[in-house]
Structure formats: C-alpha cells, structure tokens
Amino acid sequence: MDIKADVVQDSIGQMCPMPIANLAKNMRNMKAEQILEIQADDEGAHADIRAWCEQTGNPFLGEEKTGDYFKYFVKKGA
Amino acid sequence: MAEKKTASIVLFSGEFDKVFAAFTIAIGAASAGYETSLFVTFWGYKAIQKGNLTGTGFLGRMIGLMNRGGLDRLATTRFNFGGIGPLLFKKMMKDKGVALLPELRQTAIDLGVHFLACKTTMDTLEIKREDLIDEVEDIVGVATLIKASQNSDLTHFI
C-alpha cells in the first residue's frame with residue numbers, strides 16, 4: 001500500500017482502549033485531509049479502528065501487514 | 001454545526017473491574033466524539049478520591065479508614081482474596097500491556113470526559129470537595145443526571 005502518512009501513531013503493544021484513545025487524540029490535532037498511520041498489533045484494534053472510522057465519518061483508507069503488526073491508514077475528514 | 005452527541009455514564013460501583021469498564025466505555029465514547037459525562041455516586045467515589053482519610057464523625061471516619069487509598073486500592077468483584085487479587089490482576093494486565101486505572105482515568109480526562117460527583121454521597125460518607133481529584137468539574141444531584149441522560153444518545157449504569 002503506497003500511502004504517505006502525515007502522522008504516525010505507535011500503538012504496538014497497546015490494548016483496548018488505548019489505540020482508539022490515541023487515535024482520537026491524534027486526529028484532534030490534525031488538519032482535514034491529513035493521514036494518520038496507526039501501527040498496532042492488538043487483534044481488537046483491527047475491528048475497532050474500522051468501527052471508529054465508520055462512526056465518526058473519517059475515511060478508512062486501508063491496512064497493511066508489516067512483520068508482526070498492522071499499519072492502518074485513516075484520513076481526517078472535513 | 002450539528003449538536004454534539006452526548007453520553008451519560010453512571011458509576012455507582014467502586015470495584016476495580018467495574019471502574020475499569022466505566023473508564024473504558026467513557027474513553028470509547030469520548031474518542032468517538034461524544035460529549036461524555038461520568039456521574040459518580042456512592043461506591044464509585046473511590047474512582048475520584050485522592051485516597052486520603054475522610055470523615056468528620058465517628059462512623060464517617062470508620063468508613064474513611066476502611067475505604068482509604070482511592071484508585072490504587074480497589075478490590076475486585078471476584079477473586080479479591082483479601083486484597084491479593086487486585087495485585088495479581090494488575091500484574092497480568094501489565095504483562096499484556098493493558099492500561100491500568102490511573103492511566104485510563106488520565107486518558108479520560110485528556111479526552112474531555114466530564115467528571116461529576118453526587119452531592120448526597122458526599123454528605124452521607126462525609127467526603128469533602130478537597131478529598132476529590134481536582135478534575136471533578138461539578139457537584140450535582142439527580143436532576144442534572146436525568147436532564148443529561150434524557151438528552152443523551154448513549155447511557156450506561158455501572
């Protein structure tokens with residue numbers, strides 16, 4: 001996946017609810033159209049990040065498996 | 001701009017695992033953009049107390065003595081084993097990278113969760129405002145809770 005992130009969030013080793021809490025915190029500080037890359041290895045985050053995006057209306061751009069963790073890409077909506 | 005969705009959570013319980021659930025749900029709601037309020041009442045007070053001894057009268061002081069320690073000294077609902085249980089749970093949580101209660105409370109505060117405390121509990125248990133963490137925004141009664149939950153998109157009682 002060829003997406004360039006503006007902000008990278010390291011949530012490797014974190015469990016629910018911290019990846020989502022940090023996602024929300026980071027998005028608050030970002031501008032519209034900017035992209036956040038979340039690196040996480042918690043299985044719960046897999047469903048949670050998508051659910052968060054659907055609920056808040058911020059587009060989920062995709063995911064990429066990198067070694068033993070995932071990268072999730074989320075764009076900040078308008 | 002559309003009005004913000006709101007969430008009202010009542011924290012009645014003071015056990016480790018139930019406070020954990022309340023903080024987690026509050027964080028989830030605040031993260032999803034809900035204006036989130038945590039109404040703390042009765043045993044839930046342990047979650048917002050500094051942990052010092054409380055009470056003015058004899059019975060109040062006895063309760064204060066039994067109930068001291070705040071967030072770091074919560075018993076678990078099951079497997080408490082006279083206080084050993086929470087230590088074991090904390091170790092298991094740490095080993096797995098699960099955030100502990102102080103970090104969760106701070107995260108909820110950072111995300112703007114409103115901490116509201118019940119006045120009757122304070123009077124009954126003889127707890128003063130200065131016994132509570134500074135982040136408690138207001139001391140309220142049931143009418144505030146009912147008004148808030150009537151307008152809430154999400155309500156929980158824990």
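1. Two residues are in contact if their C-beta atoms, placed from the backbone, lie within 7 Å. On that basis, and leaving aside neighbours within four places in sequence, Val40(B) is in contact with Leu11(B), Tyr45(B), Ala47(B), Ile48(B), Phe115(B), Leu116(B), Ala117(B) and Cys118(B). The model is predicted.

2. Confidence. Chain B has an average pLDDT of 94. A score of at least 70 is reached by 99% of its residues. For the complex, the predictor gives an ipTM of 0.87 and a pTM of 0.92.

3. Fold of chain B. There are six helices and five strands. Their order along the sequence is β-α-β-α-α-α-β-α-β-α-β. Of the contacts with a separation of 6 or more, 73% join residues 24 or more positions apart.

4. Dimensions of chain B. The C-alpha trace spans about 50 × 40 × 25 Å along its principal axes. The radius of gyration is 16 Å. A compact globule of 158 residues would come near 15 Å, so the value for chain B agrees. Buried residues make up 36% of the chain.

5. Core. The largest nonpolar core holds 50 residues. Val40(B) is one of those that touch the most other members, together with Ile9(B), Leu11(B), Ala26(B) and Leu38(B). H1(B) supplies the largest share of this core, 10 residues. In soluble globular proteins, nonpolar side chains tend to be buried together.

6. Helix H1 of chain B. This helix runs over residues 16–31. Its 16 residues reach 22 Å from first C-alpha to last, close to the 22 Å expected. H1(B) is mostly covered, with 13 of the 16 residues buried. Gly33(B) follows H1(B) and has a positive phi, near 95 degrees.

7. Helix H3 of chain B.

8. Phe81(B). Here phi is positive, near 45 degrees, in a residue other than glycine. Phe81(B) sits in the loop between helix H2 (58–66) and H3 of chain B. It counts as exposed because it has 12 C-beta neighbours inside 10 Å, and the cut-off for exposed is 12 or fewer.

9. Glu33(A). This residue also calls for a look at the backbone. Phi is positive, about 80 degrees, although Glu33(A) is not a glycine. Its place is the loop between H1 and strand E2 (35–40) of chain A. With 11 C-beta neighbours inside 10 Å, Glu33(A) counts as exposed.

10. Cis peptide in chain A. The bond joining Cys16(A) and Pro17(A) is cis, with omega about 5 degrees. Pro17(A) lies in the loop between strand E1 (7–11) and H1 of chain A.

11. Interface. How many residues of each chain are in contact across it? Chain A brings 13 residues and chain B brings 13. On the side of chain A, the elements giving two or more residues are helix H1 (18–28) and helix H2 (43–56). H1(A) gives the most, with six residues. By type, that side of chain A divides into eight nonpolar, four polar and one charged.

Notes: Residues numbered from 1 in each chain as written. Chains lettered and ligands numbered in written order. Helix = DSSP H or I, 4+ residues; strand = E, 2+ residues; numbered from the N terminus. Nonpolar A, V, L, I, M, F, W, Y, C, P; charged D, E, K, R; others polar. Expected span 1.5 Å × (residues − 1). Buried ≥ 20, exposed ≤ 12 C-beta atoms within 10 Å, placed from the backbone. Rg over C-alpha atoms; globule rule 2.2 N^0.38 Å. Core = buried A, V, L, I, M, F, W, Y, C linked by C-beta atoms within 7 Å. pLDDT = per-residue confidence, 0-100.
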